[in-house]
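This report covers helix packing and pocket lining. Start with the view below, then read on.

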Amino acid sequence: MQKMARNRIKVTREDATGFDKVVRPVRDRSDYTTLKPDALEAFEKKRRPSIQPQSAHETTTETDSRESENRTPLHQEAQKGEDMPLQEPVVQLADAEPGMKADSSAQPDMKTDAAETVDLRLPPRGRPKNVKSISLRLRVLKRHVEPLSKLEAAGVELGNVFRTAYHGMSDVHFEARYIPQVSEPSGPARLSHYIRPTVEIEVINAIESQVRGGKSASRASLLLGQVEPKWFSNLDNAIKEFSK
């Protein structure tokens, strides 16, 4: 195939874009001048206040008036009564009779009370150092689950049942001998009552020495055997009481 030669674009009229012309400023730079001296002089006259000379008589009068103003009433009273005897000031109280002087010793010194501070003192704790508090979980037996469930279904709060059973026990006192826990099966863990009695460290050490591997055993497992028999007996009585 033969290639056809392209026809060049022909300009039919003159270029009207103005790209071929040099742009010149409309006006010459010489037309723009700086601020005129007359304008600066007028601005200075407005800014500076007009100062009028004062006569000597006006200056003296102004000085005397300023000195009289600076004099306080105390100075004026001192000049008038230089020969008058000094009198002790009298403070009139609201509830006092006229003519009576105020007793300065009766007024409290507020500055001294505000400035003084004291140390916080707390009473010493009555618990000896050889006593330790241990958390114990009092479980329920499997035979307690059914009656407790009936009480719960009837709207009885089981926490009240557990607290009644525990309050019926005498003060928990641990002896230095190991007693194994009750061998009956346990109920669910949610049916438990937590207490925090105190025990002497010497008693714990003595019980640990009586059990093989007692040093690694939990202290709760070593102590619960002394609490469970009484706890289960009181729990039976509390369940009967709330079931009535």
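## Helix packing and the main pocket

Leu148, Leu151 and Glu152 of helix 5 touch Leu158, Val161 and Phe162 of helix 6. By class, the residues of this contact are five nonpolar, no polar and one charged. This is a predicted model.

The axes of helix 5 and helix 6 lie 9 Å apart, at an angle of about 130°. That angle makes helix 5 oblique to helix 6.

Helix 9 spans residues 228-243 and packs against helix 6, residues 158-167. Here the angle is about 130° and the axes are 8 Å apart. Helix 6 is therefore oblique to helix 9. Their crossing is right-handed. On the helix 6 side, the contact uses Asn160, Val161, Phe162, Thr164, Ala165 and Tyr166. Helix 9 supplies Trp231, Asn234, Leu235, Ala238, Ile239, Glu241 and Phe242. The residues of this contact split into nine nonpolar, three polar and one charged.

Helix 5, residues 145-153, also pairs with helix 9. Their axes come within 11 Å and cross at roughly 35°. This crossing is left-handed. Pro147, Leu148 and Leu151 of helix 5 meet Ile239, Phe242 and Ser243 of helix 9. The contact counts five nonpolar residues, one polar and no charged.

| Helix pair | Axis distance | Angle |
|---|---|---|
| Helix 5 and helix 6 | 9 Å | about 130° |
| Helix 6 and helix 9 | 8 Å | about 130° |
| Helix 5 and helix 9 | within 11 Å | roughly 35° |

How much space lies in the largest pocket? The volume is about 190 Å³. Its lining has 13 residues, and the closest to the centre are Val172, His173, Phe174, Gln226 and Val227. By class, the lining of the largest pocket holds five nonpolar, four polar and four charged residues.

Conventions
Residues numbered from 1 in each chain as written. Predicted model: local features only at pLDDT ≥ 70, side-chain atom pairs only at ≥ 80, totals over all residues. Heavy atoms only, no water. Axes fitted to C-alpha atoms, helices over the stretch in contact; angles between N-to-C directions. Helix = DSSP H or I, 4+ residues; strand = E, 2+ residues; numbered from the N terminus. Parallel < 35°, antiparallel > 145°, perpendicular 65-115°, else oblique. Left-handed = near helix turned anticlockwise from the far one by under 90°. Contact = heavy atoms within 4.5 Å. Nonpolar A, V, L, I, M, F, W, Y, C, P; charged D, E, K, R; others polar. 1 Å grid on protein atoms, 1.4 Å probe; cavity = no way out; pocket = protein on both sides within 12 Å on 5 of 7 lines; lining within 4 Å. Points joined across faces, edges and corners; volume = space filled by probe spheres on them.
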